[in-house]
Protein chains: 2
Amino acid sequence: MSHRHTELLEQAIAACRTREHFSPFPDRPGKDEASLAAIEQARATYEATLGGSFLLDQPSKGELLGEEVSPYTGEDLGIRYPAPDVDAMFDAARRAGTIWSKVEPERRVDLCLQIVHRLHERWYEIAHANQHTTGQSFSMSCVGSGTNALDRGIEAVAYAAEAMRRVPTSGHWEKDFGKTTVSLDKRYRIVPRGTAVVITCASFPTWNAYPALLANLATGNPVLIKPHPTSVLTMAIATQVVQQVLREEGLPPELVQLTVDSADAPIAKDLIAHPDCRIVDFTGSPGFGSWIEANAHPAIAFTETAGVNTVVLAGTEDLQATAAAIATSLGLFTAQMCTSVQNVYLPGDGVETPTGKVSPDEAIEAIVAAVDALSNNPRRAAGVMGAVQSPHTIGLIRNLEAEVSRQGRVARPAGTYEHPEFPQARTCTPSIASVDTSARELFGEERFGPISFAITCADADDALEQALRDVRAKGAIASHVYATDRDYLDRAADAYVDAGASLTMNLTGPMPLNFAAAYSDYHVTGLSPAGNACLTDEAFIAGRFRVAQVREPSA
Amino acid sequence: MSHRHTELLEQAIAACRTREHFSPFPDRPGKDEASLAAIEQARATYEATLGGSFLLDQPSKGELLGEEVSPYTGEDLGIRYPAPDVDAMFDAARRAGTIWSKVEPERRVDLCLQIVHRLHERWYEIAHANQHTTGQSFSMSCVGSGTNALDRGIEAVAYAAEAMRRVPTSGHWEKDFGKTTVSLDKRYRIVPRGTAVVITCASFPTWNAYPALLANLATGNPVLIKPHPTSVLTMAIATQVVQQVLREEGLPPELVQLTVDSADAPIAKDLIAHPDCRIVDFTGSPGFGSWIEANAHPAIAFTETAGVNTVVLAGTEDLQATAAAIATSLGLFTAQMCTSVQNVYLPGDGVETPTGKVSPDEAIEAIVAAVDALSNNPRRAAGVMGAVQSPHTIGLIRNLEAEVSRQGRVARPAGTYEHPEFPQARTCTPSIASVDTSARELFGEERFGPISFAITCADADDALEQALRDVRAKGAIASHVYATDRDYLDRAADAYVDAGASLTMNLTGPMPLNFAAAYSDYHVTGLSPAGNACLTDEAFIAGRFRVAQVREPSA
């Protein structure tokens, strides 16, 4: 059969090879009149969803549940989802999976790209939903959780397509045994591993969910999506889109189902322990991620959690630009990203600059000033910082600041900014602690949310070694070094890579430090406590299917 | 630098694509005078090893241990190996691994093929060692444990080479952010996962050890080989060969070390629990294999254990040829292979043949007659059956025969044959039980060694369903169906593949049912309790290394 997305697939496969920039979708929401109208229309569609029941094609126990509250309005979204009937859903998934496993791999791949296409059609609507569940700004919801996330999804499909293409469908084999030649015809079949449970996080669900969902579907596996109970709607719409595509193709919609739970009665462990669960994809806390890695068996687990993201500021050609880059990472989505930086290590004997050494306190002041400039501009703050997903985060920051006061200095206390559109928005501007290396029990682990540590070390070598301690002990998803000495940079690169971490060097300018590019960046190495899976590489695909063969004497 | 084995590598990579027969080595020991002299010379080298200390370049606690007894002579080999100093060995492995990880992937691959080449140079000597530890015949030691095992090793290197080639070493990336174009140079580095523990089995160590050893080395990881305490020598020679190659190349020999233990004080679990253990490759019992899969974390585990290998004999064009094929599998290496068949399912209403239906009892008689013909020819029996590795196996067969007498009929009791060369050889001819499907507690799991079950079912459909019950519950490594009805064969093929198992149909002639061809057969699907790993596919490689990247603004 002909496929609709062949060109897109080949472009994506090529981009994975060249690692160049590629995206089939616009990078930002449109600003022309048609786009503005479409955004308003999508808002109306989103608002019509509020307070209603969100039904899907899947077994349910009949009850409804939902506990989503907008971080922007403080109001209950009022959306109620069908409570899952776990056994019935696994059964339905298995039945749907049996049919799906018989669909030719190339057609499965094409349908996955059709799903991407259809998700993109509801781009703005999903962005509104994403904004009011995660707290991301509308533009981040369009870009990071929209275009970038869809690109990561396409990328996973490209890896899956290539991996399956490399398995031939048949072969002819001949070998002499003594005086006789044995001739066998062999057929090779891709066999999906089985039902996958995809567990998504509260603050950034699509970016990991799309790759996991699509990698599983492309390789033939049914999927149960288990969203965070306070951040369901985006995944509900995604499930609806997939089910629509499947129905249109005459395929069972139960191939992808949504299993909603509540904070009081979580079901993730029940899903993982279910005998039909064969794959777990998880994004969330390092603690639960490690538990899953250790306990998912016989399911295989793919995790992305969090590490301690470090900046070593040994030297810079432009202190203001560097301070601004760090400030943006501290503020971007209120530091609720797995790539947000947390620990900024400074040499006690000064940061090298073109005008000579700058003391750690001066460098910290430059960062604080950049954060202030961002925080004091409500319009810009709204676009960059958005809102805080969980009220717990605010409490954690307050408690940490109290701790910091005892062991160091709060160089910049957390504050709020006035959101120009949503006066009730739960905002929080970055808190910056100034400490020395003796305060490791404060900064030596991930502190979720907008708190960071400026840590004064002995010198540049010590700063590097202190940062590497975090990386080795807790893993890292984004690591940065600023220096003017090439030898130092080379040593740093080797040390991070040897520690199983990726490194960005001397990045300033409009690209946020947090940015990871689909097709180009190996996001998460998979070698540290910050996650065992890369989004995306061949290891993200390989175990999701296997090969069974049938051989018989040639006719 | 130039590589020595480029042509071999490219040929192997091509064979993995076409799935055609390929081997760079002779299939059988030579029969010319020079070969016979070389075999005798190798025997002398082997014999000179007996009773001595086998020292290697690795830390040791000073003591020596060894408990190998030849299944052919009944005599203690008297070889003593250095007792491992586990912590010191992991430390030495890590230091060696740091150096090895900096060796270019293509050079690592070439050195792996150099190791294969050097193992082949000691082909006959390793075969003598293998014969007197595993009980395999000399010719099987040359072919199955020699050429075929080396081919599986090369195959793993080919997959590793391809997987690493698909990771570009660098890339240039450009993207507009607003009005600014951001340009980044990116470098991508293969990062090995860490020290691997390769646990080998008593009866067939090389066939799994070579792929695991070489897959780990090619992807940059140090290896500790943990052989079965009664079957050490082959792995000791392999370790010696690797260490010699490494020394010649100026690389640390401790990259591969041998950790010998004893039946009384096993160390496998200590090795796996060591904080430096990052990869486990295991061949052995399903029980310990499942334990490793569930408990190896944070190490990743690759297991090949055993399932229940079934034959469904619904119909055949040639009953004698089919009976002979089954008989050879029951006898080959005294059924001590992971591909030995165990359960033969027969339709109670008769096996279809060109001359009409043949009753189950007649079919069983044909198999018994074929086994008798093999067993009563000592010269042929010696070449096919070899000897029994462990004395425990004989006891298990006797106990099972006593059980069978209570629930069915011993259609052919186990016996012995007189080995023409080694009168003390521990030989055992196949035991065949005739039972019906009610005796499932006898045949429903793997029974290691030369005992098989001829199981009379209702009809051909029931026979297929009964066999699939084994496959679904316990997994299978080799499954066979004989039938004359194409629809039945197609249904069987689909059912086995859906159950995650590979199937061979209607195979008779000189190729043993047990044979799995390197480059062509996906050995073990990885989808069943018979093992989570295929030797070899991309999933066997993917997790052994990851990618870390370094990105910085373009100059």
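H4(B) and H7(B) are roughly antiparallel to each other, a word kept for angles over 145 degrees, while angles under 35 count as roughly parallel, 65 to 115 as roughly perpendicular and the rest as oblique. They pack at an angle of about 155°, with their axes 8 Å apart. Axes here are lines fitted to C-alpha atoms, for helices over the stretch in contact, and angles run from 0 to 180 degrees between N-to-C directions. Helices (H or I, at least four residues) and strands (E, at least two) are DSSP runs, numbered from the N terminus.

The model is predicted: local features need pLDDT of at least 70, side-chain atom pairs count only at pLDDT 80 or more, and totals for chains, interfaces and linings use all residues. Residues are numbered from 1 along each chain as its sequence is written, and chains are lettered from A and ligands numbered from 1 in the order in which they are written.

The crossing of H4(B) and H7(B) is right-handed, meaning that the near helix is turned clockwise from the far one by less than a right angle, with anticlockwise being left-handed. Arg108(B), Val109(B) and Cys112(B) of H4(B) meet Leu214(B), Leu217(B) and Ala218(B) of H7(B), where contact requires C-beta atoms, placed from the backbone, to lie within 7 Å. By class, this contact has five nonpolar, no polar and one charged residues. Ala, Val, Leu, Ile, Met, Phe, Trp, Tyr, Cys and Pro count as nonpolar, Asp, Glu, Lys and Arg as charged, and the others, Gly among them, as polar.

| Helix pair | Axis distance | Crossing angle |
|---|---|---|
| H4(B) and H8(B) | within 9 Å | roughly 130° |
| H11(B) and H12(B) | within 8 Å | roughly 55° |

The angle in the H4(B) and H8(B) pair makes these helices oblique, and their crossing is right-handed. Leu111(B), Gln114(B), Ile115(B), Arg118(B) and Leu119(B) in H4(B) meet Ala238(B), Val241(B), Val242(B) and Val245(B) in H8(B). The classes in this contact are seven nonpolar, one polar and one charged.

H11(B) is likewise oblique to H12(B), with a right-handed crossing. Residues making the contact include Ala323(B), Ala327(B) and Leu330(B) of H11(B) and Ala363(B), Ile367(B) and Leu374(B) of H12(B). The contact has 12 nonpolar, two polar and no charged residues.

How many residues of H5(B) are buried? The count is 11 of its 12, buried meaning 20 or more other C-beta atoms within 10 Å of the residue's own (exposed is 12 or fewer, partly exposed in between; C-beta atoms are placed from the backbone). Among them are Glu125(B), His128(B), Asn130(B) and His132(B). The cover includes H2, H4, H6, H7 and H8 of chain B. After H5(B) comes Gly135(B), whose phi is positive, near 90°.

The contact between the chains takes 58 residues from chain B and 58 residues from chain A. On the side of chain B, elements giving two or more residues include H1, H10 and H17, together with strands S3 and S4. S17(B) gives the largest share, eight residues. By class, this side of chain B has 27 nonpolar, 16 polar and 15 charged residues.

Terms used. Two residues are in contact if their C-beta atoms, placed from the backbone, lie within 7 Å.
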